[in-house]
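Here is a friendly walk through one protein model, from its surface to its sheet and its aromatic rings. Have the structure open as you read.

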Amino acid sequence: MALSQTELTRIALDITSGLSNRDRFSRLLDIIRQNLNCDAAALLAFQGQQFIPLAIDGLNADVLGRRFRLDEHPRLEAIARAGDIVRFPADSDLADPYDGLIPNQGDELKVHACIGLPLFASERLIGAVTIDGFDPDQFRNFTNNELRSLSAIAAVSLNNALMIDRLEKAALQSQDSGTVISVDSDVEMIGQSRTMQSLNKEIKVVASTDLNVLILGETGTGKELIAKAVHQGSNRNASPLVYLNCAALPESVAESELFGHVKGAFTGAISNRSGKFELADKGTLFLDEIGELPLTLQAKLLRVLQYGDIQKIGDDRSRKVDVRIIAATNKDLKQEILAGRFRADLYHRLSVFPLMVPPLRERDDDITLLCGYFVERCRQKLGIKNLSLSPASLGLMKQYDWPGNIRELEHALHRAAVLAKAQANDDLPQILPQHFDMAGQTNSKQTSHTHDATPSYRLPSAASLKEATDQFQSQYINQILAENNGKWAATARQLKVDSGNLHRLAKRLGLKKQNP
């Protein structure tokens, strides 16, 4: 069935009706699938030499969270460089980016019809539409001119959405003089749930101001990413974002870390040293785990916030600094104030604009996207050809509470990916990952599948406390060691333990051979 001019006009009117971008993109793909009778379709935005899915139809849900780099996906690279409609031969040797990602089609797509529609605005590539059909002759009746018309309509829809997004950001960033500050950055917030949409709006609003920001949320929710988004969306984004973990600061050096010192100020001060405030001048200082800052330093921090000047240790002179503070904590600071561990006046100075980061258990709609994002990163990092989650595994993951939030999710996926690769490469027996099953396919086209498993953290009940503790430590150290590609120093840093202590513990647990 060919596309008539009337049908193309109706498609254009349907797509450009008063809808949100997300609904408009979904409607576009729905209309394409109906009119072209395709089995799968995707609308992709082009950004930073990669394609980012905006809407999908007929593909696994986690595809929305994936990022497809051109240098790893030859079909998408061909679409990006073609400048016109691309019809791939049914027996094309180019790997399909959706291998293993179309329901009920296995790990590798068979001979099929595939078309790529590059989307342009002012001769600049802004995205693409991919269309797949299981019948090799599925799209033979559609002419290139008809597909070009469809591509033009999709390009207009996508360009309008991107333009609206830029205008909204510019409105928030504009100053009284009318100057617009660019907010292009590498920070990407993965999530389409209502709570994340609300948080993103609050970030955009506060980023354009100079207000201090207090980020509240559980461990592993991504507070550092929020801080980066606030900084990079601000007028200070050309200046540094300086990071300081207050929890890792010994009280003896904390003041020097914050304010700096001069040569000879104390034993070991062999040269002048700039503190974090000085390094962050004209920029932003991110104080992570602010609830751990000693009370004596809280008073000095309050003075900087009140008067804007710092004094190095051993120096009688003070210096003015222009620093925006973003603080973060997983503690309830109001309870800390009642307990006498945090100053009420400092809390009120920091919490001018609080941002509450939702835990992952309140973001059910985002778990699928985050899984796709992290699985694709694991696939790239480990050099695995195809890596995918089964629907059953995805269902199990959405049922789990994730007390460690996004960090726990990322580590669990990484561990499962490492195990899947090991099975394929080394022909090891089937190993059940701790949380769920994954299927991995290596470059040698060997495939490893794990069985479905319910999430479980239960240790053997018959074990003594010491045995159970040793078992947990062994499993956890092995997991982090695998994530760091067998590097013990990096593992020690991630575990936040002394490297020598980790080696001794590993030997006691039998993870390393004892010296003869």
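## Surface and overall make-up

The protein exposes about 25,400 Å², and carbon and sulfur atoms supply 50% of that area. Accessible areas come from the Shrake-Rupley method with a 1.4 Å probe, and for residues only the protein chains shown count as cover. What you see is a predicted model, where local features need pLDDT of at least 70 and side-chain atom pairs count only at pLDDT 80 or more, while totals for chains, interfaces and linings use all residues. Residues are numbered from 1 along each chain as its sequence is written, and side-chain values use heavy atoms, with hydrogens and water left out.

Of the 516 residues in the protein, 47% are buried (under 20% relative accessible area; exposed is over 50% and partly exposed lies in between, with a 1.4 Å probe and protein chains only). The secondary structure comes to 17 helices and 18 strands; these are DSSP runs numbered from the N terminus, helices being H or I with at least four residues and strands E with at least two.

Five strands build an open, parallel sheet in the order 8-11-14-7-15. Strand 8 (241-245) and strand 15 (353-356) are the edges, each pairing on one side only. Two strands pair if DSSP finds at least two bridges between them. From one strand to the next, the twist averages 20° (axes are lines fitted to C-alpha atoms, for helices over the stretch in contact, and angles run from 0 to 180 degrees between N-to-C directions).

Strand 7 (residues 213-216) joins strand 15 in the parallel sense over four bridges, and here Ile215 stands opposite Leu355. Helix 5 (residues 194-207) packs on the sheet, touching strand 7, strand 14 (324-329) and strand 15, and its direction makes about 155° with that of strand 15. Contact means heavy atoms within 4.5 Å. Helix 6 (residues 223-232) lies across strands 7, 8, 11, 14 and 15, running at about 165° to strand 14.

## Aromatic pairs

How many aromatic pairs does a search of the whole structure find? It finds six, where rings of Phe, Tyr and Trp (its six-membered ring) pair if their centres lie within 6.5 Å; planes under 30 degrees apart count as stacked, over 60 as edge-to-face and the rest as tilted.

One of them is the tilted pair of Phe46 and Phe51, 5.2 Å centre to centre with 55° between the planes. Phe46 is partly exposed at 22% relative accessibility, whereas Phe51 is buried at 0%.
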